[in-house]
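Please open the structure in your viewer and keep the selection tool at hand. This tour goes one stop at a time, and at each stop you will be told what to select and what is there.

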Amino acid sequence: MSAESTPDRILATALRLFNSNGVDRVAIYKIASDLGISPGNLTYHFAKKQDIIYSLIDRLEIEAAEVLTTPRNPGAKHLAGYMVNLFSLMWRYHFFFESLTYFTATDPHLAESYRRIMHTAIGGSVQRIENAIACGDIEPMKAPNSPKILGENMWAVWVNRLGAARSSLDETSDGVAAIYDCCVHHISLIQPYASNSYVARLHEAVKDLLDVDQDSVARQATG
């Protein structure tokens, strides 16, 4: 017998179905059917689909806090690891980021969760940018540009690129191409302010972490 509890199984199945089909096209009975349990068994644990969504986003927020509060070392390998971990997490819950306009406009609970994740992510980026400036890997920014503006731009690009990358992949994808795409666009925002060697180290570290080979990099660039 699996050690995984029924609520955990429900959440894992719902997350997979939401990511594959979109929240609107996944009903309670579909989640129950996929699990091989009755709808009544499912609603014993989660009265409605919205409760499942809340639980998933609560988990996302906890996991995001763990990733975003890791040591803010400005070194290329550390920054690459931070990027890969953050974008991997966003990919794992991509149904939420793909439906942000709907969720944040219609549900105050989800809107507040998103704001907390966004503000923590931007704050983490700003701190890492400032650390890299202090180390000389990134040049100081001249007004009106600032680490805060760059951090906000990064977040906007991540969310948009996640959706764009997702639309070109099938539902069985492990997300490596989408994660790599987000990393490349992240680095492109840093590049105007960074040394060539720092940018090169970032690209190499990301490719190593994701085990991306030169052929797949070339296909990504031309796709």
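**The whole chain**

Begin with the entire protein chain in a cartoon view, and keep in mind that what you see is a predicted model. Of the 223 residues in the chain, 43% count as buried. If you consider the contacts between residues with a separation of 6 or more, 72% of them are accounted for by residues 24 or more positions apart.

**Helix 1 and helix 2**

Next, select residues 6-21, which form helix 1, together with residues 28-35, which form helix 2; their axes come within 10 Å and cross at roughly 115°. Because of that angle, helix 1 is roughly perpendicular to helix 2, and the crossing in which helix 1 passes helix 2 is right-handed. To see the contact itself, show the side chains of R9, I10, T13, A14, R16, L17 and F18 on helix 1, and those of K30, I31, D34 and L35 on helix 2. Sorted by class, the residues of this contact are six nonpolar, one polar and four charged.

**Helix 5 and helix 11**

Now select residues 76-92 for helix 5 and residues 196-210 for helix 11, which pack with their axes 8 Å apart, at an angle of about 50°. Helix 5 is therefore oblique to helix 11, and helix 5 passes helix 11 in a crossing that is right-handed. On helix 5 the contact is made by A76, K77, L79, A80, G81, M83 and V84, while helix 11 contributes Y198, R201, L202, A205, V206, L209 and L210. Here the classes are eleven nonpolar, one polar and two charged residues.

**The largest nonpolar core**

Which residues have the most contacts inside the largest nonpolar core? Select F18, I31, I52, F95, F96 and W155, which hold that place in a core of 73 residues. You have already shown F18 on helix 1 and I31 on helix 2, where both take part in the contact of that pair. The largest share of the core, eleven residues, comes from helix 5.

**F96 and its contacts**

For the last stop, centre the view on F96 and leave aside its neighbours within four places in sequence; F96 is then in contact with I57, L60, F103, L110 and Y114.

Conventions. Residues numbered from 1 in each chain as written. Predicted model: local features only at pLDDT ≥ 70, side-chain atom pairs only at ≥ 80, totals over all residues. Heavy atoms only, no water. Axes fitted to C-alpha atoms, helices over the stretch in contact; angles between N-to-C directions. Helix = DSSP H or I, 4+ residues; strand = E, 2+ residues; numbered from the N terminus. Parallel < 35°, antiparallel > 145°, perpendicular 65-115°, else oblique. Left-handed = near helix turned anticlockwise from the far one by under 90°. Contact = heavy atoms within 4.5 Å. Nonpolar A, V, L, I, M, F, W, Y, C, P; charged D, E, K, R; others polar. Core = buried A, V, L, I, M, F, W, Y, C linked by side-chain atoms within 4.5 Å. Buried < 20%, exposed > 50% of the residue type's maximum accessible area, 1.4 Å probe, protein only.
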